[in-house]
Amino acid sequence: MIIAIDGPAASGKGTLGKRLAAHYHFRHLDTGVIYRAVAKALIDAGADPSDEARAVAAAHELDPEKFGHPALKTRAIGEAASVVSAFPGVREALLTFQRQFAAEPPGAVLDGRDIGTVICPNADVKIFVVADPVVRARRRTLEARSRGEDVDEAVVLADILKRDERDRNRPVAPLRAAADAHVLDNSNLDIEAGLMAAIAIVEAMKVARLHK
Ligand code: C5P
């Protein structure tokens, strides 16, 4: 089974993806880290994230062993990731890795922006997570502060809105809900309640499949 979770920045899809995967004993891939890793490789090499040729080269040389690096989570890397991810060559280079990950048994949960629309259009379950931008900024600020980052909530909000705008309006694989996605608004849900809502969606899809 493949579960595709998409949604805007800081909507809680990463946490939900991880918890949902643990619940079903599936593997989990936060695809945002892949684009963040490309961005970090460029920044570490002193290159500009808007340098398309270098971004595509970095995407081809990616080392999945480095996806757990804590520096990938910073705001600056998130911003640069949104720039490199708009290049078609970068997305193309990362497609096979994501599809292979999704296809391996016993099942997988992938979260990102284009999982239900481009990477796994035939996913068994698609969830599009949304949340009020103010709530998202609050959560992201608290998360950054817990890592010791000194961040201003208003800046985080502006950043999130800018990233959403760029992700929604790019010509390749823009952020949008697939036609068959279930929208899950977690503005007023804590992590546990969001997980329960997602499990209810998955279980309902399983039942619907049995009756097909
Ligand atoms: O989800 P996260 O905030 O880690 O993603 C960082 C950036 O990577 C996003 O703003 C988006 O531009 C890009 N991204 C993407 N497609 C995905 C996952 C992330 O374009 N599947």
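**View 1. Helix α2 gives the shell around the ligand its largest share, three residues.** Helices here are DSSP runs of H or I with at least four residues, strands are E runs of at least two, and both are numbered from the N terminus. This is a predicted model, in which local features need pLDDT of at least 70 and side-chain atom pairs count only at pLDDT 80 or more, while totals for chains, interfaces and linings use all residues. Residues are numbered from 1 along each chain as its sequence is written, and side-chain values use heavy atoms, with hydrogens and water left out. Which residues come nearest to the ligand? Of the 15 around it, they are R36, R91, R113, R163 and D167 (a residue is near if one of its heavy atoms lies within 4 Å). By class, the shell has two nonpolar, five polar and eight charged residues. For these classes, Ala, Val, Leu, Ile, Met, Phe, Trp, Tyr, Cys and Pro are nonpolar, Asp, Glu, Lys and Arg are charged, and the others, Gly among them, are polar.

**View 2. The ligand sits in the largest pocket.** To sit there, more than half of its atoms must lie within 2 Å of the pocket's grid points. α2, α4 and α8 are the elements that give two or more residues to the shell around the ligand. On a 1 Å grid over the protein atoms alone, a pocket is an open set of points with protein on both sides within 12 Å along at least five of seven lines; a cavity is a set where a 1.4 Å probe fits but cannot get out, and lining residues have an atom within 4 Å of a point. The largest pocket holds about 980 Å³ of space, a volume being the space filled by probe spheres set on the points. Its lining has 43 residues, with G12, K13, G14, T15 and R140 nearest the centre. Helix α1 supplies the largest share, six residues. The lining divides into twelve nonpolar, 13 polar and 18 charged residues.

**View 3. The second largest pocket has about 220 Å³ of space.** Among its lining residues are A37, K40, A41 and D44, along with H69 and L72. Helix α2 gives the largest share here, four residues. Five lining residues are nonpolar, one is polar and five are charged.

**View 4. Two cavities of 30 Å³ or more are counted.** The largest cavity has about 120 Å³ of space. Where is its centre? Of the 14 lining residues, K73, T74, R75, R140 and R163 lie nearest to it. Helix α8 supplies the largest share of this lining, four residues. The second largest cavity has a volume of about 30 Å³, and its lining includes D6, F128 and R176. Strand β4 gives the most to that lining, with three residues.
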